[in-house]
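Please open the model in a viewer and keep the selection tool at hand.

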Amino acid sequence: MKNISILITLFTTLILATSCEDNYKFDLKTSKKVKLNETVSISLSEKNNKPINKVQFYINGKEIASTDNTVTVNSADYGVGKHAISALAFFEGKTKKSNGFFEVLANKPPAIYTYKIVNEYPHDTSAYTQGLEYHNGFLYETTGRRGESTLRKVDIKTGEVLQKVNLDKKYFGEGMTIVNDKIIWLTWENKKGFVYDLNSFKQEKEFAYNKSKEGWGLTQDENSLIKSDGTNKIWFLDKETLKEKSFIQVYTHDRAVDNLNELELINGKLYANKYQQNTIIVIDPKTGIVEGLADLRPLEKEMAKTQKLVENDEVLNGIAYDKENNRLFVTGKHWGKLFEIELTKKQ
């Protein structure tokens, strides 16, 4: 009987303690969407005004100094994108965490670009273009689809494939870039990339990317490889180790921009195909802010004059830049033409 009484007492104590904690209902409040440079106010309260001893606030996992149960931060310190908030409440010898987020938008809309066609060149219609890069007078191109993915060296003027190697049939090839005498080539869903010798097209090694969702587009700046993964995130990889270091989030003044695909860095700005939209997005690679939009949908109509395109599949994808001669090239999946175009900002 004594043991039963002890068990009942312990059980009752546990129920009371649990009930006490459960009776605390917290309300985490914050500005859901703000423009860059605006302030963000965050507060935590107990819904029935029960006393809270202390609150610790965290943004993206980093503790933020606060006064009482509130904190105010400048959105410019975090940049555009969605940012995680956690508030850890201390009360009656216990703690409880509440989670939320705020979203920072660009503080001005992007510029709109028009284009004109400067030249047209033949392009192999068997090429399901994923990556495109200009290097020493030639185009280097990677194509996709499982069992059909290839790496190519192409003569720009004739469209002739001068050199080609097939990817293992179990992989779906994606974007590529050239670093010194190496070609770095991504795959789609396998979280794996490959390194090839530029001259021989011999595969030398492979590497993994474990933080980003998938492999889509690839380019580079002086310090990093720059990679898209089909979301609104752009990832930066160490050029030596090929490990993911950091990312930015891509935003306009009113939304996140996802489905970012093939990439090219041009005069310090990141140009990205938006998949299935036949649009090029011009991005500040330091901030993720969309600075420009180029509507290239008429190019698809131009292609439709000479070939039938599969809707939402055989779309614009492929950006290459000849820095020395200031030439911008674009093409699409299975397109029979490579276009040299010139972008002009609307006034």
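Which residue lies over the face of Phe247? Select Lys233: this residue lies over that face, at 4.4 Å from the ring centre. A charge sits over a ring if NZ of Lys or CZ of Arg is within 6 Å of the ring centre and within 35 degrees of the ring normal. The model is predicted, so local features need pLDDT of at least 70 and side-chain atom pairs count only at pLDDT 80 or more, while totals for chains, interfaces and linings use all residues. Residues are numbered from 1 along each chain as its sequence is written, and side-chain values use heavy atoms, with hydrogens and water left out.

Select Phe101 next: the charged end of Lys82 sits over its ring, 4.6 Å from the centre.

Turn now to the aromatic pairs, of which the structure holds 14. Rings of Phe, Tyr and Trp (its six-membered ring) pair if their centres lie within 6.5 Å; planes under 30 degrees apart count as stacked, over 60 as edge-to-face and the rest as tilted.

Select Tyr171 and Phe194, an edge-to-face pair with 5.1 Å between centres and 65 degrees between planes. Tyr171 lies in the loop between strand 13 (161-166) and strand 14 (173-179) and Phe194 in strand 16 (residues 192-197), so the pair ties together parts 23 residues apart in sequence. Strands (E, at least two residues) are DSSP runs, numbered from the N terminus. Tyr171 is buried, at 7% relative accessible area; Phe194 is buried at 3%. Buried means under 20% relative accessible area (1.4 Å probe, protein chains only).

Finally, select Tyr24, Phe26 and Phe91, which form one aromatic cluster.

How values were computed
Helices (H or I, at least four residues) and strands (E, at least two) are DSSP runs, numbered from the N terminus. Buried means under 20% relative accessible area, exposed over 50%, partly exposed in between (1.4 Å probe, protein chains only).
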